[in-house]
Structure formats: C-alpha cells, structure tokens
Amino acid sequence: MKALIALFPLLLALPVHADWQLDPGQSRVQASITQLNGEAPQTHHHQVRNLQGDISSDGTLRLPLKLSQTDVLERFGELPPWIGLLANTTLVTLEAQMPPERLDGLDIGESLVETLTFSVQSDMVNQQESVPLRFTREGLNEIRVTHAEPMAIDGRALMANSTVRTVMSLLGYQEIDEHVPVTLNALLVNR
C-alpha cells in the first residue's frame, strides 16, 4: 500500500499527452484553380473535406487522402459502382512531425505557429513540402489549425503529374494558372 501511495505523486508528475485527431466534419482544404483555356480566365473552387488524421504519441501526424473526400466526383454526376471502390482507396498520405506537448501546452485563446515538413507519399510521388501552420486553442479539447501565411500550389507542378493532369482534363482544365491559392481550416480535438 505504501508503494502505491509513493507512486501517486510520480504519476501526477508524468506528462500527459492528448490524443489529437482531426474532426472530419470541421476539417477541409479549398483550392482556387484559374482555368486559362477559353475566352477569359475563370476561377473555380474545389474542396477536400472530411480530413481525417491524428497525431500519435511520438508526434507523427498522418493525413490519408482519398478521392471521395474531394468534390471532383460530384461534378461527374452518376458514376459506375466500381468508381466507388476506387474513390475510397487512399491515394496519398501526408506525414509530418508535430510534438503533441506543444499543443498540450497552449492556453485557451493562445496560438503558436509551427512550420511542418510534410512528406507526400504515394505509389508515384515521394516529396517533401514545408508548410507554416497556426494552431489556436479554442477550447479545452479543441485546437483550430489554419495556414500561418498565404499558401499556394504550383500549377505547373500539378499539371506535370500525369495522374493529376488526367483528372484535371476530365474536369475541363487544359491549362491552369501557375498560382493555385489554398486555404486550410481544420479542427483538432482531444479524444
């Protein structure tokens, strides 16, 4: 019994790390693509919604992305059933390191900016990209994640990827602006 009582203060002193997960209903990315082919440039907005991912106790943030999370399939109307199987397959997984104790230490209303280096991993792509993100504690178990500065994807790099170019062509994009602004609005929750 004395041993258990002696361990109690030690247990209180150990750091407690939250099990941070993205809330799919409140986590999305939007890209604004300007179509250059045609009489005048036209800007279209596309979304990747229902972002799902978590930060493990070792600080690894994993964010798998599927075609079904995009608004792309909605634009095609009725599709064959086999597309549904393909749409729910993970196309790419983004990974980064984010120490959970940095999030745990935020007070309500407090923010921090952290530049995360995301590894993009798929069958055809293996690259890294640094992204400055703002983490703001909104509640005891909620942290809002937004971009800390304007973000954009290189339209030329998008169109250089044969898979992306094929999807873009199916959507009617033959030529796009090289500057594709991106906005992130996500919510991490302590589950």
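**Core, strand pairing and charged pairs in the predicted model**

Within the largest nonpolar core, which comprises 34 residues, Leu-103, Leu-116, Phe-118, Leu-133, Phe-135 and Leu-188 touch the most other members. Two or more residues of this core are given by each of the strands β1 (20-22), β2, β5, β6 (90-97), β7 (111-121), β8 (126-139), β9 and β11 (179-190), and β11 gives the most, with 5 residues. Beyond four places in sequence, Phe-118 touches Leu-61, Leu-94, Glu-95, Ala-96, Gln-127, Gln-128, Glu-129, Val-131 and Leu-133. In soluble globular proteins, nonpolar side chains tend to be buried together.

The structure is a predicted model, and the mean pLDDT of the protein chain is 82, with 84% of its residues reaching 70 or more. Among the elements of the chain, strand β9 (residues 142-147) has the highest mean pLDDT (96), whereas helix α1 (residues 2-13) has the lowest (35). Over residues 1-18 pLDDT stays under 50, and for this stretch the model has 7 contacts beyond four places in sequence. Where pLDDT is low, the predicted coordinates should not be read in detail.

Strands β2 (residues 28-35) and β3 (residues 42-48) run antiparallel and are joined by 7 bridges, with Ala-31 standing opposite His-46 in β3. The hairpin that they form has 6 residues between the strands, and in this hairpin Gly-38 takes a positive phi near 125°.

Thr-60, which lies in strand β5 (residues 60-66), has a relative accessible area of 6% and is therefore buried. The side chain of Thr-60 makes polar contacts with the side chain of Asp-58 at 3.0 Å and with the side chain of Gln-97 at 2.8 Å. When neighbours within four places in sequence are left aside, Thr-60 is in contact with Asp-54, Ile-55, Glu-95, Ala-96 and Gln-97.

A search of the whole structure finds 5 salt bridges. One of them is formed by Glu-95 and Arg-62, whose closest N and O atoms are 3.4 Å apart; because Glu-95 lies in strand β6 and Arg-62 in strand β5, the pair ties together parts that are 33 residues apart in sequence. Glu-95 is partly exposed at 22% relative accessibility, as is Arg-62 at 38%.

Arg-156 forms a salt bridge with Asp-154, with the closest N and O atoms 3.3 Å apart, and a salt bridge with Glu-178, with the corresponding atoms 3.7 Å apart. The latter pair links distant parts of the chain, since Glu-178 lies in the loop between α5 (162-170) and β11 and Arg-156 in helix α4 (residues 155-160), 22 residues apart. Through shared partners, Asp-154, Arg-156 and Glu-178 are joined into one network, in which Arg-156 is exposed at 53% relative accessibility, while Asp-154 at 32% and Glu-178 at 46% are partly exposed.

Methods: Residues numbered from 1 in each chain as written. Predicted model: local features only at pLDDT ≥ 70, side-chain atom pairs only at ≥ 80, totals over all residues. Heavy atoms only, no water. Pairing = 2+ DSSP bridges. Helix = DSSP H or I, 4+ residues; strand = E, 2+ residues; numbered from the N terminus. Buried < 20%, exposed > 50% of the residue type's maximum accessible area, 1.4 Å probe, protein only. Polar contact = N/O pair within 3.5 Å; in protein donor to acceptor, adjacent residues only side chain to side chain. Contact = heavy atoms within 4.5 Å. pLDDT = per-residue confidence, 0-100. Core = buried A, V, L, I, M, F, W, Y, C linked by side-chain atoms within 4.5 Å. Salt bridge = Lys/Arg side-chain N within 4 Å of Asp/Glu carboxyl O.
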